[in-house]
Each structure stands twice: as C-alpha cells, then as structure tokens.
Amino acid sequence: MIQLDWSDQLSVGVAYIDAEHRALIGAVNRLIGAITRGETAQLAPILADVLNQTRQHFADEERLMRACAYPGLAAHQAEHRALLDELVALSGRVETQATAVPATEFVAVLSKWLMRHIITSDRDYRPYLVGHPALAGKG
C-alpha cells in the first residue's frame, strides 16, 4: 500500500489549514502502516484519531469560510457531511470486524477524497481566505 505525500499543489495558502491537511495525511499514513504491518489491534484507535482530526479540521475550515463570507460554504459543508457519514460507517465496520479489509476501504475512501477535495474544493476558497482580515494572526 502506498503512502500519501504532501506537495505544494495541495497548499490552500493558509498555513494552519495546510498544517491540518498535513496532519490528516500523516494520520492516514499511520493507518496505512498499521494495515501493512498487520497490526489489527491498532486500527480502531488510529481510525478514531483520523475521525477526530477530520471533524476538527472541518469545523476549523467551516468557521474560517463563514468568517470570510465564502459563498460556497453550504456546498462545502455538504461535502464534509457526506465524507464524515461514509467514514463513520466504515469505521464501525472496522471495529466490528477487526480486520484490515474494511480499514483498507477506509484508507481508499479517505485518500481519494482527501486529495481530490483539497485540490479542488479547498482550493476554491483560497481567493476568499488568503489575506482576509479574519485570518490575521492565524498564519
């Protein structure tokens, strides 16, 4: 299983949002590592961490978009809700089955979604956030 890598192409131009994206990629890579090593006992705690980081990131991102009057906020929130619903369902399967199979699905869904979402949807809000006074002192 391959690891996800951060690149400048993923930058949204807001340092702490980029840091959260890097942390999410790191968490997914920890999950990939546990699957690769067959550490099924580690899957549930790592998944819980990924879900917590994802929820926090979405809340942070939506708060910023709201503060900057981003016109695509409602659609962006809908994307976030859809992903969280899917991840929660997959996480439940991992916890009940305790195998790498649903965890691998979780990684596939999150990896594909994370990279695509950052490159497309997240970059769409960049012009509204970069340099906005609401970001003063946030990097």
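**Helix packing and a buried aspartate**

Helices α1 and α2 are roughly antiparallel to each other, a term that applies to angles over 145 degrees, while those under 35 count as roughly parallel, 65 to 115 as roughly perpendicular and the rest as oblique. The model is predicted, so that local features need pLDDT of at least 70 and side-chain atom pairs count only at pLDDT 80 or more, whereas totals for chains, interfaces and linings use all residues. Residues are numbered from 1 along each chain as its sequence is written, and side-chain values use heavy atoms, with hydrogens and water left out.

The angle at which α1 and α2 (residues 43-67) pack is about 165°, and their axes are 10 Å apart; here axes are lines fitted to C-alpha atoms, for helices over the stretch in contact, and angles run from 0 to 180 degrees between N-to-C directions. Helices are DSSP runs of H or I with at least four residues, numbered from the N terminus. Among the residues of α1 that meet α2 are Tyr16, Glu20, His21 and Leu24, and those on the α2 side include Gln53, His57 and Glu61, where contact means heavy atoms within 4.5 Å. By class, this contact has 14 nonpolar, 4 polar and 5 charged residues; Ala, Val, Leu, Ile, Met, Phe, Trp, Tyr, Cys and Pro count as nonpolar, Asp, Glu, Lys and Arg as charged, and the others, Gly among them, as polar.

Histidine 21, which lies in α1 (residues 15-36), is buried with a relative accessible area of 0%, where buried means under 20%, exposed over 50% and partly exposed in between, for a 1.4 Å probe and protein chains only. Leaving aside neighbours within four places in sequence, histidine 21 is in contact with residues including Trp6, His57, Glu61 and Asp122.

Aspartate 122 belongs to helix α4 (residues 100-129) and is also buried, its relative accessible area being 0%. The side chains of aspartate 122 and histidine 21 are joined by a polar contact of 2.9 Å, that is, a pair of N or O atoms within 3.5 Å, of which, within protein, one must be able to donate a hydrogen and the other to accept it, residues adjacent in sequence counting only if both atoms are side-chain atoms. A polar contact of 2.9 Å likewise links the side chains of aspartate 122 and histidine 76, two residues that are 46 apart in sequence and 8.4 Å apart in space, C-alpha to C-alpha.

Elsewhere, alanine 69 sits in the loop between α2 and α3 (73-97), where alanine 69 is exposed, with a relative accessible area of 59%, and has a positive phi of about 55° although it is not a glycine.

Methods: Helix = DSSP H or I, 4+ residues; strand = E, 2+ residues; numbered from the N terminus.
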